Amino acid sequence: MRAHSLGEQYADFAQQDHALKLGMWVFLASELLLFAALFALYAAYRTMYGDDFREAIAHNTLAYGTVNMYVLLCSSFTVALSVWAVRQSRRVLAVVLLLSTMALGIAFLVIKLLEYAEHFRERALPGPYFHMAELPTFGANRFFTMYWVMTGVHAFHVTGGVCLLGWLVHRTWSGHYTAAHHTGLELGTMYWHLIDIIWIFLWPILYLA
Amino acid sequence: MSEANKVGAVAYLGTFAGLVVLATLSLLLSFLHWKGGGLVVSLAIAVVKAVLVLFFFMHLAEQRFTNRITMLVGLMFVSLLVGLTVADVATRHTFPSRTKPSPGDPFYSR
Amino acid sequence: MNPATVTNWLRTMLFLPPESSSVAASIDHLHMFVILTTMIGSAGIGLMALLFILRYRHRGEDLAAGRAPETQKTTPAWVEWGIAGGLFSLFFAWWVIGFGQYVRVRVAPEDTYDVYVTGKQWMWKFAYPDGHHSISRIYVPAGRPVKLILTSRDVIHSFFVPDFRLKQDVIPGRYTTLWFEAPSPGHHEILCAEYCGANHSTMRAELVVLGPTDFARWLQRGDGSTTTPSPARQEPTIATELGPSQPMSLVRLGEAVAAQQGCLRCHTLDGSPHIGPTWAGLYGAKIPLQGGGELTADEAYLTESMMDPLAHHHAGFQTVMPSYLGRLRPPEVAALLALIKSLREVRGQDVRELSLPPPEVTPPAGAIGQPTQPSLPLLQPIPRGPDAPLPATQGLPPPGAQPWPPMRGRVDVGADGVQGDEKR
Amino acid sequence: MSAEPATEVVAAPLPNYLEAESGVASWLNTRDHKRIALLFYVSVLSMFALGGVFALALRTELLTPERTVMDAMTYNRMFTLHGVTMVWLFLIPSIPTVFGNFILPMQLGARDLAFPKLNLISWYLYVLGAIVTIAGMFAGGTDTGWTFYTPYSDSTPTRVVPVVIGIFILGISSIFTGLNFIISVHTLRARGMKWSTMPLFTWAIYGTSIMLVLATPVLGMALALVGLDHALALGIFDPSVGGDPVLFQHIFWFYSHPAVYIMILPAMGVISEMVPTLSHRRPASYTAIVVSTIGIAVVGFLTWGHHLFTAGISELDAGFFGVLSMFVAVFSAIKVFTWTLTLRRGSILITTPILYFFSFLFLFVFGGMTGVALATQSLDIHWQDTYFIVAHFHFIMVGGSVTAFLGAAHYWFPKMFGRMYNERVGTVGAIAVFMGFCLTFIPQFLLGNLGMPRRYYSYPAHFQWLHVLSTGGAFLLGGALLLTLTNLLFALKWGPRAGDNPWASRSFEWLTTSPPPKHNFATTPRLDYDPYDYSLSEEECRARALAR
């Protein structure tokens, strides 16, 4: 849509922007609940196999997880700056920042794949495929099953986020977003920040504590 | 939107710095391998980081109150689901209490 | 009008099964209190609404015009709060009584007679502390608390005894417990209440409560013969009457062996396809072999396949069958052969109609075999408890008489082991 | 407020939304919430018919204790498909997507929903989900029941994955619909409309949308895990590698109990709209109904544990869930009392919707109160997984939700199509539905007490005569529903013209013409008065709303 069109049902742009943002926040809440089911399973299994979980966490690849944490924090920063850049109507800077965010996202996925390869070698796989030599307990099996499922779903959302950022780069490059009207960009960045927040919570329970 | 309540560039930098510091702090604390509270401390730091991202990076600071309610309600239901599920597993008195059968246990031989 | 007849009349009117366990009586009293309040409450509200509709029906006034203000008065808040508070206290009272009974039912007393119960796809197996074990029938002493320690070998089942008002899910990988105390001897029906596959509906068993002397004698002789009057049976049953136990027919033994040895996990008895070739119509049929060529499935081929499955492998099936050499005693092999022979003319469904390819991924937690056709349930319908006849007074066909409409597909296994799915 | 004479010249009447555009493209690419509502209406009714066919097949099979028309596996697939079709393809989308889509923007005084394109996407996702689910049925369908309990749903030889993917897509469709409603209520209220003067149907749809948006994702994850487990055997709930199947029941019922409130709350909204209008009286207590609507929406999330009383959860946790379940019952009871008191001193038009209200009231209270009985833990042990539970939830879903759906279909028929249905046939239909329903499901209460378990293909012989009664009732209910449907379809073409406001209602959706123009109101209305104030005359309300 070339110029910013105002839906017939809206009185003015302010009302439309508020509706779009509130809609995005409600959608992010439903995404949160999607992960809530996994957090509940993790918490339940952790209650059942407490100390096995701690041993498994000690064995988990902390380096990969921590690097990914910093990667996502930087990507959150760059994508937030891109909104600031559009607000200063500096289009090229915004595109550069968005591209760097995509690059960081792809870096996250590459590190993730390396980590999965590492776990594959250790046979730390979900469910019946789990044959880790040094941790033959049920608790370790549960931990790595939940590890694979949670990081898998999160990686799936990161891939979606990278594609969304690609679409935002296209729209910003074509000059669609102006200093006054850039709600679409803000919604896209909000989705990316949610991905970062999910990892902020996944990182401690899968790698640290 | 009025210029006044916009999140300025300085706020972005400050938030990013805060996030990195908190992440590093959480990492260092994890090396203590503090058996009991390790999880609680790292989750508390995670909550602080999440609030930082929400308010500054996602511009919640400059939006109306209804937008903040959605996240609060979402968080409430997440804690509800996690809490009551853990409550069940934690207080289960199966007989004998949750045996720890090793994989080789004949109990599982088909 | 003493309270006993009132509760008895209510129990019959509410179609509740006879109260045969110690907790059943108190649970039924709460049941009647709750259900009566429910019925009276809903009938009352329905009647009140009906009265208002008729009393205040529209009598021709102009609806477009404004109506008199006094008709628009709203109910004061204290009435609403009063209703809410009153109802909540009623519901809370039910919860208090209910939770008290719930904890009493769930937590077993100390000195109980323990029986290990294993739910397995479509049968119940019982193991007694003194080493006895039985299938589809459990003997318990009367007048003593009995604790069942339940677990499942494959999926979630649910051990349900309607006469005791007790039920407990049977979960694989965990022990759950269920305790009861049956004051008087009798026979009670055990049903599976959690969906567990094709034959979920025939996964039934019988709970026999024996008096102290009979139970003691059973412990020595272990064949279930007792002096308690056998109940009036509605249909002949495959399981032996409670008189002197007749030798189990060879086919029944074959069936038990097939279940215990895990044959039923891959082979089906009703023709529906699964991991291994179905045994329905197998005996005497032409078998296409893996390397080409054909072979008739006679006793020799069947015995050889048990001992060395890969010798003449049936084309089109995975080579997953383990060898049973040394694990099957000759009488068990004979019983399996009798079972396969008995399925000679059982026409299972046409394989194509089911269009069900065997699953590529061999399910890890024990492959769930296809169903045994209900025409050959492991145990026939369970007779009602002897002491209190079924509430037949509500127009049910009296026990013993052939219920309407005439039962079709009933299998009568005579002593000679010949049976089939006669369609009368 | 003296009603000054309407001076401005009445502009040429706008073409209504049915005649504004024509042609297939105008329907398949529409942004008009009213047309999308009709698209949903057709697809939801056809799914209801499909579910009904499954139901009649089940009841026919249960005529005799052993095999009657089909074998065990077919029966097991049939009751699963009946459950899946009725829950996800009919009951959850029915009232919100049809009457919510049509009526909610008009009650808000808005020109359309907040995100029209998202609304159309939601319909296309519904159709795609329905196609995938039905394709799953033809590919062999699954026999796990609509609850998909593990570990059986992991290891069943039947095809689980297609049906699970279909339901996942339907979940996304209902999240989008819920999201659309929440944002419309927050941002598109007419000038002057405060939260305390919003119509009660809008409140009910708002509460339902909160549950739709917050509960459906958990279902999506639960079913995705079942699909993963069945396809790749990841062993998430597999007990032989340490998993715990009861955890699946926790996250499944965290969705499914709010889901049963998603099915009943819109029905309550319809009833809260019909009763004040047809008895021409202010609701006995507006705040009581609004408080209990939001109460149900929130407390509905707290009570899922009462489905697990016999599933091996801890006694303490079961007690906790028991108390919370009692709270929810109080909110429903407040609503029932408020509706009944609204009838008092009213001027009640005895028409088909009121008959549906009466059968809703009686069946919902009877069914609802047995729900409280079921939440009483010691009684639940006997009743769990028996036909008592089947009867209980059919009393709420068919007796409550379907009756209210039919009531809404008759009540808003003149507003949606501009024509009136035949009153007599409607009344006969309503009474036949009530009779058929009672004959079908009251015997099932008795079967439950006798101890007849759910999902039984063959059953002990002494239950048979009750099953025969229930099957007879099922066919009567099916016939009654067909009669009602033909009456409405007949009235669609040949019904007499209904005026703009046949029920003389003061609610906002009746201010505009029937059927309404494309953007609902000729001039944007000012709705700052109470929609249930029957002391005002209709002209006063119209003048006040449509004045500049």
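Mentor: Let us begin with the contact of chain C with chain D. Please keep in mind that this is a predicted model.

Trainee: Which element gives the largest share of the side of chain C that touches chain D?

Mentor: Both helices and strands contribute: α2 (22-55), α3 (77-106), β6 (157-161), β7 (166-170) and β9 (186-192) of chain C each supply at least two residues. By class, this side of chain C has 61 nonpolar, 29 polar and 12 charged residues. The largest share, 16 residues, belongs to α3(C).

Trainee: Which strands stand at the edges of the open sheet in chain C?

Mentor: The sheet has 5 strands in the order β3-β2-β1-β5-β8, with mixed pairing. Two of these strands have a single partner each, so one side of each is left without a neighbour in the sheet. Neighbouring strands are turned by 25° against each other on average, direction ignored. The edge strands of chain C are β3 (133-135) and β8 (176-180).

Trainee: Which residue in β3(C) stands opposite C:Phe126?

Mentor: Strand β2 of chain C covers residues 123-127 and pairs with β3(C) in the antiparallel sense, over 3 bridges. In β3(C), the residue opposite C:Phe126 is C:Ser134.

Trainee: Are α3(D) and α5(D) roughly parallel or roughly antiparallel to each other?

Mentor: Two packed helices are described by the angle between their axes and the distance between the axes. For helix α3 (residues 33-61) and helix α5 (residues 94-108) of chain D, the angle is about 160° and the axes are 8 Å apart. Angles over 145 degrees count as roughly antiparallel. The two helices α3(D) and α5(D) are therefore roughly antiparallel.

Trainee: How many nonpolar, polar and charged residues has the contact of α3(D) with α5(D)?

Mentor: The crossing is left-handed. From α3(D), the residues include D:Ile36, D:Phe40 and D:Val44, while those from α5(D) include D:Val98, D:Phe102 and D:Pro105. The contact of α3(D) with α5(D) comprises 8 nonpolar, 4 polar and 1 charged.

Trainee: What is the relation of α10(D) to α13(D), oblique or roughly antiparallel?

Mentor: Helix α10 (residues 245-279) and helix α13 (residues 352-375) of chain D have axes that come within 10 Å and cross at roughly 130°. That angle makes α10(D), relative to α13(D), oblique.

Trainee: Which residues in α13(D) meet those of α10(D)?

Mentor: The crossing of α10(D) past α13(D) is left-handed. The residues of this contact divide into 8 nonpolar, no polar and no charged. D:Ile271, D:Met274, D:Val275 and D:Leu278 in α10(D) meet, in α13(D), D:Pro353, D:Ile354, D:Phe357 and D:Phe360.

Trainee: What percentage of the residues of chain A count as buried?

Mentor: Chain A contains 6 helices and 0 strands, and its C-alpha trace spans about 60 × 30 × 25 Å along the principal axes. Among its contacts between residues at least 6 apart in sequence, 75% join residues at least 24 apart. Of its 209 residues, the buried part is 52%.

Trainee: What percentage of the residues in chain B is buried?

Mentor: Chain B has 3 helices and 0 strands, in the pattern α-α-α along the sequence. Of its 110 residues, the buried part is 30%.

How values were computed:
Residues numbered from 1 in each chain as written. Chains lettered and ligands numbered in written order. Predicted model: local features only at pLDDT ≥ 70, side-chain atom pairs only at ≥ 80, totals over all residues. Pairing = 2+ DSSP bridges. Helix = DSSP H or I, 4+ residues; strand = E, 2+ residues; numbered from the N terminus. Axes fitted to C-alpha atoms, helices over the stretch in contact; angles between N-to-C directions. Parallel < 35°, antiparallel > 145°, perpendicular 65-115°, else oblique. Left-handed = near helix turned anticlockwise from the far one by under 90°. Contact = placed C-beta atoms within 7 Å. Nonpolar A, V, L, I, M, F, W, Y, C, P; charged D, E, K, R; others polar. Buried ≥ 20, exposed ≤ 12 C-beta atoms within 10 Å, placed from the backbone.
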